[in-house]
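Please examine the sequence and the model shown below.

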Amino acid sequence: MAGRFAPRPAVTRTTVRGGEAAVPASRPAPGPAPRTASAPGATTGGRERTYVPPGPLDLGLVLGPLRRGPGDPTFRTAPDGSVWRATRTPAGPGTLRVRAKGTAVHAAAWGRGAEWLLEQLPAMLGDLDDPAAFEPRHRLVAASHRRRAGLRLTRTGLVLENLIPSILEQKVTTDEAYRAWRLLVRKYGEPAPGPCPDRMHVMPDARTWAMIPSWEWHRAGVDDKRASTILRAVRVARRMEEAASMEPGAAMARLELIPGIGPWTSAETIQRSNGAPDAITVGDLHLPRIVGYALAGDRDADDAVMLELLAPYAGQRHRAARFILLGGQVPPRRTPKMPRWDIGRL
């Protein structure tokens with residue numbers, strides 16, 4: 001059996017939180033070709049584009065933050081080293097496949113949103129990001145920065161696809177939030193266009209989100225508070241999407257006008273939609289303790305302590321936090337894990 005299976009990458013829960021998705025080394029995919037979707041708007045032949053990044057680029061690090069759990073129906077990595085995304089663009093549903101080969105990235109897209117996705121490809125792969133502006137100030141950060149030279153901050157230009165799963169992640173375990181996202185997208189979304197891997201779906205449009213019955217939110221394990229916040233957001237979907245073209249501070253303020261959306265949710269959204277390098281997440285249960293422990297040995301750090309420790313990285317605090325998370329140095333656990341509650345069984 002030796003050599004039959006490739007070794008699994010050493011990825012911890014913390015590095016996943018830092019936005020690292022395991023992407024296999026690029027190689028020909030064995031077996032039959034993926035299925036071809038018959039969704040409305042699918043095209044027989046995809047549009048293609050080749051992009052040459054200005055420096056090192058790691059697809060797993062750049063696109064990893066867009067993945068919402070191992071069963072995310074909108075995100076998939078393939079054995080041939082390609083990354084698939086199914087998304088709802090302003091032009092309609094679209095599927096994007098990107099694959100790094102040498103110093104270039106080859107992309108193909110299908111569906112009504114194909115042209116929009118290919119036009120936005122450089123921004124999504126961090127072309128508008130400036131990694132050179134970051135200067136490590138701590139030994140752990142410097143080591144993580146050196147090992148992950150291909151990290152760039154993605155900018156999807158899409159707000160709702162990042163806002164809704166961030167709302168689902170409010171005050172629950174990640175497993176609960178990922179399950180809710182998976183169930184709702186598969187039930188109310190639509191099959192992704194193009195020859196994508198099986199069971200990939202595009203998330204529902206704003207009107208469909210607004211029409212989901214209350215009992216379906218309950219069955220997915222989403223309480224009334226989070227469901228109501230999503231409903232308020234999708235009712236002003238156009239205004240929410242405008243935040244993608246705003247400065248990060250103004251964009252966060254726009255999102256926080258919606259009751260139920262606070263600094264935690266707005267930062268988690270703008271980090272992805274706007275590629276904001278300084279949008280540090282505050283109000284998180286674990287991040288302050290991880291940053292405090294990694295930089296100062298303080299396992300009981302709160303938001304104030306975290307912001308003080310990250311002050312030398314002003315303008316780049318989100319990037320610094322990602323390098324810290326990817327470093328994998330976390331405080332030892334002293335209490336049991338937060339229990340998982342499935343309100344759908346009540």
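The questions below concern a predicted model, and they proceed from the whole chain to single residues.

Q: How many helices and how many strands are there in the chain?
A: The chain has 346 residues, of which 49% count as buried. Among contacts between residues at least 6 apart in sequence, 70% join residues at least 24 apart. The secondary structure of the chain comprises 16 helices and seven strands.

Q: Which strands stand at the edges of the open sheet of five strands?
A: The order of this sheet is S1-S5-S4-S3-S2, with antiparallel pairing. A strand at the edge has a single partner strand, so one side of it is left without a neighbour in the sheet. The strands in that position are S1 (47-51) and S2 (75-77).

Q: Which glycine takes a positive phi in the hairpin of S4 and S5?
A: Lysine 101 stands opposite alanine 104 in S5. The hairpin has two residues between the strands. The residue with a positive phi, near 70 degrees, is glycine 102.

Q: How many residues of S5 are buried?
A: A residue counts as buried when its relative accessible area is under 20%. By that criterion S5 is mostly covered, the number of buried residues being six of seven.

Q: Why is H6 largely enclosed by the rest of the structure, and against which elements do its buried residues pack?
A: Nine of the nine residues of H6 are buried, so the helix is largely enclosed. Among them are Leu160, Glu161, Asn162 and Pro165. The elements against which they pack are S3, H7 (174-188), H8 (206-211), H10 (224-235), H11 (237-241) and H13 (263-273).

Q: Which residues lie nearest the centre of the largest cavity?
A: The structure holds three cavities of 30 Å³ or more, and the largest has a volume of about 110 Å³. Strand S3 (82-89) and helix H6 (160-168) each supply at least two residues of its lining. The 13 lining residues include those nearest the centre, namely Leu66, Thr74, Arg85, Glu161 and Trp181.

Q: How many residues of each class does the lining of the largest cavity have?
A: The lining of the largest cavity comprises 13 residues. Their division by class is six nonpolar, three polar and four charged.

Q: Is lysine 171 buried or exposed, and what is its relative accessible area?
A: Lysine 171 is found in the loop between H6 and H7. Its phi is near 55 degrees, a positive value in a residue other than glycine. Since exposed means over 50% relative accessible area, lysine 171 is exposed, with a value of 75%.

Q: What is the relative accessibility of arginine 199?
A: Arginine 199 is placed in the loop between S6 (190-191) and S7 (201-202). Although not a glycine, arginine 199 has a positive phi of about 70 degrees. Arginine 199 counts as partly exposed, with a relative accessibility of 45%.

How values were computed. Residues numbered from 1 in each chain as written. Predicted model: local features only at pLDDT ≥ 70, side-chain atom pairs only at ≥ 80, totals over all residues. Heavy atoms only, no water. 1 Å grid on protein atoms, 1.4 Å probe; cavity = no way out; pocket = protein on both sides within 12 Å on 5 of 7 lines; lining within 4 Å. Points joined across faces, edges and corners; volume = space filled by probe spheres on them. Helix = DSSP H or I, 4+ residues; strand = E, 2+ residues; numbered from the N terminus. Nonpolar A, V, L, I, M, F, W, Y, C, P; charged D, E, K, R; others polar. Pairing = 2+ DSSP bridges. Buried < 20%, exposed > 50% of the residue type's maximum accessible area, 1.4 Å probe, protein only. Contact = heavy atoms within 4.5 Å.
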